[in-house]
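Let's take a friendly walk through a protein model with its sequence beside us. Please keep both in view as you read.

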Amino acid sequence: MSNSIGNEMYTLRINGQDRSVKDAWVGESLLYVLRERLELPGAKGACEQGECGSCTVLMDGDAVCSCLVMAATAVGADIVTVEGLIEKDPSMASTAEVITSQITDVQQAFIEEGGVQCGFCTPGLIVAVHHLLDKNPDPTELQVKESISGNICRCTGYGRIFAAVEAVVQVRKASR
Amino acid sequence: MTVAVPLSLTEAFDELSRTPEARLIQGGTDLMVEINFNHVKPVDVIALRRIKELRTWQVNSNNTITIGSGVPYQEMELGQLKELLPALAEAARTVGSPQIRAAGTLGGNLGTCSPAGDGLPVLFALDAIVHLQSAVTSRDLSIHEFMLGVKRNARNANEIITGVTVPVLDGWQGYAKVGVRNAMVISVASACLAVDKANNSVRIALGAVGPTIIRCRDAESWLEQQIDLAVATSIDMTMAKEFGRRVALESKPIDDHRSTAEYRRHAVGVLAQRLITRAYSS
């Protein structure tokens with residue numbers, strides 16, 4: 001049975017939880033719904049045309065621009081936002097660590113390596129880097145560059161971001 | 001406004017007969033931009049992304065490949081599809097960013113029919129067949145008859161583009177594009193070249209330099225008369241340059257916000273010259 005959604009409620013699976021979206025126009029983007037309806041402001045809105053990557057989320061395991069997903073069409077998809085990465089991060093498996101740190105190894109590396117300046121692009125980059133390293137734990141320099149080519153950062157010049165990715169790769173290697 | 005998310009083609013046709021004016025949405029990378037910027041406010045939308053039968057591809061017994069309209073570009077960049085259709089893999093890799101390639105599809109490129117769509121020059125070079133289905137009919141249309149103009153195609157409102165079929169050719173093939181940077185650009189000019197050794201022919205198709213994708217038939221037949229494409233192992237620079245010049249003559253570019261006609265004409269000539277040089281440099 002196909003779902004035809006009018007202006008009634010629909011439900012999205014976000015960070016492992018079913019979240020209902022009520023009284024919303026059904027043409028809204030997933031980015032808008034996350035930020036304005038579901039109190040998940042991690043994904044950022046800048047270009048709203050898929051160019052900048054600051055709204056990157058995971059949808060069924062793929063990194064996508066949430067501004068280009070019509071939220072109502074994402075019914076049935078498994079969505080993970082930057083807020084939900086903490087549960088997915090294997091190195092944060094111990095509960096004590098989750099409670100004390102609340103950030104992932106990628107986020108920690110961005111802080112330590114200076115990969116954050118104004119911070120606007122950071123959530124999208126964090127999601128993109130998690131996506132890369134989950135699929136490819138030991139990427140080449142070109143693979144790293146290509147995997148974040150859809151995430152624009154106008155502050156760092158990317159050098160500190162590459163350093164952060166490399167740091168995570170080394171830490172994860174050592175803990176394997 | 002309603003949004004339907006059918007799980008099969010049958011359900012999609014039911015929705016389409018219920019809401020005949022509905023906009024079809026695949027990856028969303030075109031339509032959502034229009035909606036975000038208030039350029040369109042669709043009455044109804046039918047999302048095709050969960051229709052499994054559109055998200056598969058297969059190699060057919062007659063040495064062709066059928067690719068479902070919902071297969072995302074990221075699947076064409078790798079594996080067997082890359083091996084059998086290298087030009088399509090190269091074109092796929094130039095589409096937007098990883099985020100866009102996870103969402104964007106050939107079905108979307110065909111539905112939108114922008115002359116700058118990166119998949120389209122490959123389909124024109126390979127003489128692709130486009131498959132269209134309605135609730136009661138199904139038809140196959142040559143890509144050359146399918147694309148009618150800038151964002152215009154031969155799809156009827158009651159039809160869904162289900163996929164394309166392209167041949168697996170024996171011979172070098174590749175795709176090249178000019179934009180302002182490597183990632184995340186819409187083509188200023190693009191070209192796909194495919195050598196078909198079995199037929200002693202070469203095919204070259206140009207993107208973003210005309211109202212439709214342009215096949216350069218004159219340049220193709222000129223080159224076929226100059227060298228034996230099936231056995232040649234190299235091409236001299238003068239001939240490659242002349243091929244580029246002839247290709248550029250067949251382009252019909254315009255000035256717009258992305259570039260000028262003059263630059264585009266020059267660029268496609270250079271792309272053609274480079275592609276034919278690459279084809280015969282190994």
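## A helix over the sheet

Which strands does helix H5 of chain A lie across? Helix H5 (residues 122-135) of chain A lies across strand E4 (56-59) and strand E5 of chain A, and it runs at about 40° to E4(A). Helices (H or I, at least four residues) and strands (E, at least two) are DSSP runs, numbered from the N terminus. Axes are lines fitted to C-alpha atoms, for helices over the stretch in contact, and angles run from 0 to 180 degrees between N-to-C directions.

A word on the source: this is a predicted model, in which local features need pLDDT of at least 70 and side-chain atom pairs count only at pLDDT 80 or more, while totals for chains, interfaces and linings use all residues. Residues are numbered from 1 along each chain as its sequence is written, and chains are lettered from A and ligands numbered from 1 in the order in which they are written.

## The sheet in chain A

Five strands of chain A form an open sheet with mixed pairing, in the order E3-E2-E6-E4-E5. Two strands pair if DSSP finds at least two bridges between them. Strand E3 (17-21) and strand E5 (62-65) of chain A are at the edges with a single partner strand each, so one side of each has no neighbour in the sheet. From one strand to the next, the twist averages 40°.

Strand E2 (residues 10-14) of chain A runs antiparallel to E3(A), and five bridges join the two. Here Arg13(A) stands opposite Asp18(A) in E3(A).

## Where the chains meet

Now to the partner: 30 residues of chain B are in contact with 29 residues of chain A (C-beta atoms, placed from the backbone, within 7 Å). On the side of chain B that touches chain A, the largest share, five residues, comes from H5(B).

## Chain B and its domains

Chain B holds 11 helices and 14 strands. Its C-alpha trace spans about 60 × 45 × 30 Å along its principal axes.

Chain B is divided into domain 1 (2-167) and domain 2 (173-279), with bounds that come from an automatic or database domain assignment. The centres of the two domains, taken over C-alpha atoms, are separated by 25 Å. Where they meet, 19 residues of domain 1 of chain B are in contact with 24 residues of domain 2 of chain B. Helix H4 (86-94), helix H7 (120-125) and strand E8 (147-149) of chain B are the elements that give two or more residues to domain 1's side of this meeting.

Methods: Contact = placed C-beta atoms within 7 Å.
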